[in-house]
Amino acid sequence: MIQSKIAELVRDAIRKAQEGNELPEFEVPDIPIERPKLEGHGDFATPACLQMAKLARMAPVRIAGVINGHMSQADFVGHSEAVSPGYINFRLADLWLAQQVGVILEAGDRFGNVDLGHNSRIQVEYVSANPTGPLHVGSARNAVIGDALANVLAAAGYDVQREYYVNDGGTQMGLFAESLYARYAQALGHDVPLPESGYHGTYLAEMGGRAAREYGSCLLNMDHSEALKAIGDIGLSYTMETIKNDMAAMGITFDQWFSERSLYQGGGFEQVLNLLRSGGFLAERDGAVWFTATNLGADKDEVVIRSGGAPGYFASDIAYHYDKFVERGFERVIDVWGADHQGHVPRMKAMMRAMGLDPERLSIVLYQLVTLKRGGEIVRLSKRTGEIITLREVVEDVGADAVRFFLLSRSAESQMDFDLDLAKEQSSENPVYYVQYAHARICSILRLGADRGLDTVEGDLSLLTHPMELNLIRHMLMLPEIVELAASTLAPHHLSSYAQELASRFHVFYRDCRVVSSDPADRELSLARLRLMRAARLVLARTLHLMGMNAPEQM
RNA sequence: GCCCCUGUAGCUCAGCGGAUAGAGCAGCUGCCUUCUAAGCAGUUAGUCGGGUGUUCGAGUCACCCCAGGGGCGCCA
C-alpha cells in the first residue's frame with residue numbers, strides 16, 4: 001500500500017540527512033503515515049518529526065525541513081512540504097492519480113482486495129437463532145454484521161466459511177416440541193393445553209394446523225415421547241424452511257447449517273470431555289459436572305453435564321468449537337453474538353486454553369441489542385409470549401438494502417433504536433438511496449455514452465485533471481484501506497461512511513463535469529471521463545456488494 | 001454489589017494517540033432548456049457526560065465519579 005512506500009521515502013531521507021551530518025545519529029523509529037483530516041494538509045502526512053525531537057535534540061519543524069530537503073522523487077508524490085509544528089505533508093501527483101483509473105479497471109472486481117489473510121481458513125458463524133420460530137428483527141443486526149464481515153474478510157484474503165449453528169437439541173427445543181404438539185392436537189379437535197412456559201406465538205398454531213393437514217392424526221396414536229420426537233422434527237423442518245427463506249430475502253446464504261445434535265452422534269463429545277478431564281478442567285459438584293473456568297482466568301465455573309445427566313449448552317459449545325478448530329481445522333473462528341451473551345465470553349476463552357488452543361484464534365464480535373420502536377413506543381419482543389415482529393415483515397416493509405445500510409452505519413457496540421414507522425417514512429430520505437442513486441446515475445451516463453457510440457476503453461487518462469475528477473479518484477483509491485481496516489478490526493460499519501463519501505464525491509463531480517458532451521471538440525475528454533465512470537461504478541458497486549447491498553442500474 | 005458496552009451538534013451517529021472535532025437527518029435560503037433534483041450549494045449548531053492523571057500532543061490511553069443499556073441460571 002502507498003503508505004508504506006511513503007514511509008520508505010521518509011526513512012530514506014532520514015538516512016541521507018544523517019549521512020550528511022544534518023541530523024544526529026539515532027535509531028529511527030517507526031514512521032507513522034496518516035490521513036490528515038484537513039484537505040489543505042495533503043493526502044498523507046507524518047508526525048514522525050514530532051516524535052524524533054527528543055532523539056535528535058532539535059525542534060520538530062527543523063527536523064521536518066531537513067528531512068524534506070532530502071526527500072527523493074517518486075512518481076506518486078506530487079509535492080511534499082515541512083510545516084509547523086513539525087509535520088511533513090504529502091500530496092499525490094495529479095498524473096499518477098489519473099493513471100490509477102487504469103489500474104482500478106484492470107483489477108476489476110478484485111479492486112479493494114488486500115492480502116491480510118494469506119488464504120488462511122476462517123469461519124464466520126452468525127445469526128444461529130434458535131429454530132423455534134421465524135427469525136425476528138433482533139436477528140437482523142446479527143445477520144447484517146456477520147454477512148458483511150464475511151464479505152470483507154474474503155476481500156482481505158481469507159478463505160471464508162459462513163455457518164449457521166442450528167440449536168436443534170436442548171431444553172428450548174423440547175419446549176418447542178411440546179408446544180407444537182399441543183397446537184397440532186388442538187388443530188385436530190383435542191383439548192391439549194400449551195405448556196406453562198411454552199411458546200405462545202400464533203405462528204405455532206399455524207404450524208400445528210399444517211402438521212395436522214400433512215400428517216393427519218397419526219401422531220396422536222403414538223407413544224407420547226415418540227410423538228414429541230416426531231413433532232419436534234416436523235417443527236424443526238418447518239422453521240428451518242422459513243429461516244432459510246428469511247435469510248434468502250436478505251440475500252444471505254450460508255455454506256453450512258451445523259446441527260447441534262450432530263455433535264453427540266459420533267464419539268466426538270466423549271473425546272472432548274476426556275481431553276478436558278485429563279487436563280484437570282472438570283470437577284463434580286452437586287451431582288453435576290463443571291468446567292472449572294475460574295482456574296483459567298474466568299469469573300465463573302460452568303455446568304457441562306447437568307445433574308440429570310443431560311449435557312448443558314456449554315457442553316455443546318465446547319464440542320462445537322473443538323469441531324471447528326480441531327476437526328475442521330479453521331485457523332480463526334469468529335462468532336457473532338448479541339451483547340446479552342457477553343458474560344459468556346471469558347468462559348469461551350478459558351475453554352480455548354483448556355483445549356490447548358490459542359484464545360486469540362477465537363474472536364467474538366458482540367453487538368448491542370437493537371431497541372425496536374413503533375412511533376416512539378418501545379416494542380418488547382419474545383418468541384415465547386408471541387410478541388414478535390419478524391425479520392421478514394421488516395424486510396418487506398423497509399427493504400433489505402435499507403435495513404442492511406441502516407444496521408451497518410453504526411459500530412456493533414453502539415446501542416441503537418430502530419423505529420419501524422420512522423424507517424418506512426424516511427425510506428426516501430434514507431442514505432441508502434443516496435449511495436445507490438449515485439450508482440444508477442453512473443450507469444445512466446454509461447448508457448448514454450454507449451448510445452452515442454463512445455467506447456469506454458480508449459480514453460487518455462492524462463486528460464483527467466479537473467479537481468473534482470481527482471477528488472473522486474482519491475477516494476476511490478481508499479477502498480483497500482477501508483477493507484483492511486474493517487477486516488482487521490472486525491468492524492464492517494466503516495464501509496457505510498466510505499460509501500456515502502464516495503457517492504458524495506461522485507455527485508459533486510457530476511455537477512461540475514459533463515461526461516458525454518455533444519461538442520465534437522470534447523470527444524477526447526468524454527472518452528477519458530467515461531473510463532473514469534466505469535472505474536467509479538466498479539468501486540461503488542464493490543462497496544455496496546461488500547455490504548451485501550444491490551447496486552441498481554436504474555432508480 | 002461485581003463484570004461488559006455506551007455517553008460527541010436539536011435528533012441518529014462517524015472519528016487508527018496527532019494539526020482548526022465531522023457526516024446524515026431535521027430547520028432556514030438558493031439552484032432543473034443539456035448525462036436521473038432520490039442531486040448540488042449556502043447557513044444555523046458542540047464545556048466531545050464530569051474530574052484527575054500519563055504524554056511533546058488526549059474525543060481517543062489509565063483511574064475515580066455520574067447517567068443509560070446489557071449480563072451475573074444445572075436457559076441459550
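Reader: How many cavities of 30 Å³ or more does the structure hold?

Author: Rolling a probe the size of a water molecule over the atoms shows where empty space is left. A cavity is a set of points, on a 1 Å grid over the protein atoms alone, where a 1.4 Å probe fits but cannot get out, and its lining residues have an atom within 4 Å of a point. Points are joined across faces, edges and corners, and a volume is the space filled by probe spheres set on them. The structure, a predicted model, holds one cavity of 30 Å³ or more, and the largest cavity contains about 50 Å³ of space.

Author: Two conventions apply. Residues are numbered from 1 along each chain as written, while chains are lettered from A and ligands numbered from 1 in the order written. In this predicted model local features need pLDDT of at least 70, side-chain atom pairs count only at pLDDT 80 or more, and totals for chains, interfaces and linings use all residues; side-chain values use heavy atoms, without hydrogens and water.

Reader: Which residues line the largest cavity?

Author: The lining consists of Val137, Gly138, Ala140, Arg141, Val370, Leu372, Val394, Val403, Leu407 and Phe418. Two or more of these residues come from each of α5 (138–155), β12 (370–374) and α13, where helices (H or I, at least four residues) and strands (E, at least two) are DSSP runs numbered from the N terminus. The largest share, three residues, belongs to α5.

Reader: Is helix α13 mostly covered or open?

Author: Buried means under 20% relative accessible area (1.4 Å probe, protein chains only). In α13 (residues 400–408), nine of nine residues are buried, among them Asp401 and Arg404. The buried residues of α13 also include Val403 and Leu407, both of which line the largest cavity.

Reader: Which residues come nearest to RNA strand B?

Author: A residue is near a strand if one of its heavy atoms lies within 4 Å of it. Of the 65 residues around RNA strand B, Tyr87, Arg410, Tyr437, Arg441 and Ser444 come nearest.

Notes
Buried < 20%, exposed > 50% of the residue type's maximum accessible area, 1.4 Å probe, protein only. 1 Å grid on protein atoms, 1.4 Å probe; cavity = no way out; pocket = protein on both sides within 12 Å on 5 of 7 lines; lining within 4 Å.
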